[in-house]
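Hi,

Here is the structure we talked about handing over. Please open it alongside this message; my notes follow below.

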Amino acid sequence: MEKNSEISSAFEEVSMIVIVKPGGNHESAHIPTKPFLSLCYLVLQVLDKIGPTMAVLRQDVHQNIKRLEAMHESNSSMNSNLVEILKSEASNGNTGKRFSCSKAFVWLTRSLDFTSALLHRLAKDPFKNMEQVVEESYASTLAPFHGWISSAAFQVALKLVPDSKTFMDLLREKDENYDTLKDKMQILVSLLVPFLQDIHCIIEAYNLDRFKST
């Protein structure tokens, strides 16, 4: 059996994640921890295909996944809902700590924002200049939260991105044509956008949208 591409796997994963918001109350929402982290692992694989440019971001994503995984494994029943983790850290005053799960969740969400923006641009124009695609996606998602050190490191690494055809070839399944891949990317983005909008509402409800890096 052929292994699914990251795009197909992400499509399946996000389709199964249901953010429950009782009565529209974001503080009583439910985001399943394990499926969310599975989706983030797929983002890692997409970042790997962009290459060395994404090395720093990839490392951050991996560390943040591991932090949330460790929290989940410490009490899988209590921490099966990411919102309960946010709620617990808020009540204990741990939200703003350097290695908080709340910060990990925020940065993973922003990485999903970046990936969604990148796939959206490529789905519209699969052979657009890849450096421009990455730079525009970064500017609209991660850049507003990065300080000058992170931004400078990104600008240096930007010169190492592959061309768009090479990247698209890496994303394709065996014998899959570009039109099919493009359609799948568009569907994935159409699922990610409302999913991420809901998550950002929860982030704002817990005042986590202020976090920035150096």
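Start with helix α3, residues 55-74. At 1.5 Å a residue, its 20 residues should span 28 Å, and the end C-alpha atoms lie 29 Å apart, so the two agree. Keep in mind throughout that this is a predicted model.

Which residues of α3 are buried? They are Leu57, Val61, Asn64, Ile65, Arg67, Leu68, Glu69 and His72. These buried residues pack against three helices: α2 (33-50), α4 (82-92) and α5 (101-124).

Next, the pair α4 and α5. Two packed helices are described by the angle between their axes and the distance between those axes. Here the axes come within 9 Å and cross at roughly 135°. That angle makes α4 oblique to α5. On the α4 side, the contact is made by Leu82, Ile85, Leu86 and Glu89. On the α5 side, Cys101, Ser102 and Phe105 take part. By type, the residues of this contact divide into five nonpolar, one polar and one charged.

Now the salt bridges. A search of the whole structure finds 11. Three pairs are described here.

- Arg58 and Asp48: the closest N and O atoms are 2.4 Å apart. Arg58 lies in α3 and Asp48 in α2, so the pair ties together parts that are 10 residues apart in sequence. Arg58 has 28% relative accessibility and counts as partly exposed. Asp48 is partly exposed too, with a relative accessible area of 41%.

- Lys128 and Glu136: their side chains meet in a salt bridge at 3.0 Å, N to O. Lys128 is partly exposed, at 21% relative accessible area. For Glu136 the value is 27%, and Glu136 is also partly exposed.

- Lys165 counts as partly exposed at 42% relative accessibility. Asp169 is partly exposed, with a relative accessible area of 27%.

Best wishes

Methods. Residues are numbered from 1 along each chain as its sequence is written. This is a predicted model: local features need pLDDT of at least 70, side-chain atom pairs count only at pLDDT 80 or more; totals for chains, interfaces and linings use all residues. Side-chain values use heavy atoms; hydrogens and water are left out. Helices (H or I, at least four residues) and strands (E, at least two) are DSSP runs, numbered from the N terminus. The expected span of a helix is 1.5 Å times one less than its number of residues. Buried means under 20% relative accessible area, exposed over 50%, partly exposed in between (1.4 Å probe, protein chains only). Contact means heavy atoms within 4.5 Å. Axes are lines fitted to C-alpha atoms, for helices over the stretch in contact, and angles run from 0 to 180 degrees between N-to-C directions. Angles under 35 degrees count as roughly parallel, over 145 as roughly antiparallel, 65 to 115 as roughly perpendicular and the rest as oblique. Ala, Val, Leu, Ile, Met, Phe, Trp, Tyr, Cys and Pro count as nonpolar, Asp, Glu, Lys and Arg as charged, and the others, Gly among them, as polar. A salt bridge is a side-chain nitrogen of Lys or Arg within 4 Å of a carboxyl oxygen of Asp or Glu.
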